[in-house]
Amino acid sequence: MHGEYKVPGGKLVVVDVEAAGGVLRDVRVAGDFFLEPDEALDAVNHALEGAPADTDAAGLAARIEAALPAGTVMYGLTAEGVAIAVRRALAHATDWTDYDWQLIHESPQSPALHMALDEVLTAQVAAGRRPPTLRVWEWGAPAVIIGSFQSLRNEVDAEGAGRHGIEVVRRISGGGAMFVEPGNTITYSLSVPESLVHGLSFQDSYAYLDDWVLGALGDMGIHAWYQPLNDIATDQGKIAGAAQKRIVGPGGGPGAVLHHVTMSYDIDADKMVEVLRIGREKLSDKGTKSARKRVDPLRRQTGLPREAVIDRMIESFGARYGLTRGKITAEELERAEELARTKFTSPQWTARVP
């Protein structure tokens, strides 16, 4: 069995392993990481050899750490990264390059339709009727998008939203509220087979699915990193937030993961604080006293037009994994429009957590 895992901010770890008699056999760890001394690699392999095949990643990492020679130096590699690669091998996880990725980047659409398209396209991937898809959004109107489990009245100032003509919609994923305006926001969705994140914890799947965009930002001169659980940050502040939703496949079989990210290209901070109720507790755990300081827009950090930032992101993804331009089918659009009408614009859904 073969498993691969790129350590967030680090290097690729490759593990080939067999499972026989309920234990790991013939373990071979490789990759483009740096490790000193040389015998540390043998220590890693020996630590994993004979381990119960059902040992979780934390348990495998503990075995590795206990076996490392004194003074071992790892660069681009962690014991947890090796353990995750083992779990991915045992789970027969797939890799990004195993798929023919499709790009969808169409004309502006309403906030409610964007919510519906996420649900429809990810369900199509789960059913095997659509290839893994990168969808770049274009916003047809300003909006506040609240997480699936957030309280409407606690997150949104209804008077402020009404005054500024801002629509409020609820998405199917968890996480926090987003304030978006056309031209000021970059949003994308990944709809991927569940097998792509096999062997990863929920938290690790965020880092794994965000890694490509960190590389794209790096190519634009921005040193960005994943900040658990679901933020992308730089030394200038947060620039993006992610959220996920798992969708079960037909008959309860293997499904798909929706991973979507909203990035602040530019932001009207005064308007944002009039529309969102950002509580003191949320601000305090981010180490800042002002909502205006929580997000640092990409416009200032890159000096590039929004369209150029998007183009570079798409180019970076395609260079890594391949990408073919596609489109939303007539059937998918029809289903999404129905959901936008019956679910995502309905008071029952939007205010399901009052």
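How many residues apart in helix H6 are arginine 163 and glutamate 159, and about how many helical turns separate the two?

1. Arginine 163 and glutamate 159 are 4 residues apart in helix H6 (residues 158-163), so about one helical turn separates them; helices (H or I, at least four residues) and strands (E, at least two) are DSSP runs, numbered from the N terminus. The two residues form a salt bridge with the closest N and O atoms 3.8 Å apart, the term meaning a side-chain nitrogen of Lys or Arg within 4 Å of a carboxyl oxygen of Asp or Glu. Glutamate 159 is exposed, at 62% relative accessible area, where exposed is over 50%, buried under 20% and partly exposed in between (1.4 Å probe, protein chains only).

2. This is a predicted model, in which local features need pLDDT of at least 70 and side-chain atom pairs count only at pLDDT 80 or more, while totals for chains, interfaces and linings use all residues. Residues are numbered from 1 along each chain as its sequence is written, and side-chain values use heavy atoms, with hydrogens and water left out.

3. The salt bridge count comes to 13. One of these pairs lysine 6 with aspartate 211, with 3.4 Å between the closest N and O atoms, and it links distant parts of the chain, since lysine 6 lies in strand E1 (residues 2-6) and aspartate 211 in helix H7 (residues 202-219), 205 residues apart. Lysine 6 is partly exposed at 29% relative accessibility, whereas aspartate 211 is buried at 8%.

4. Lysine 271 and glutamate 181 meet in a salt bridge of 2.8 Å, N to O, and both residues are buried. Salt bridges that share partners also join Lys6, Asp211 and Arg320 into one network.
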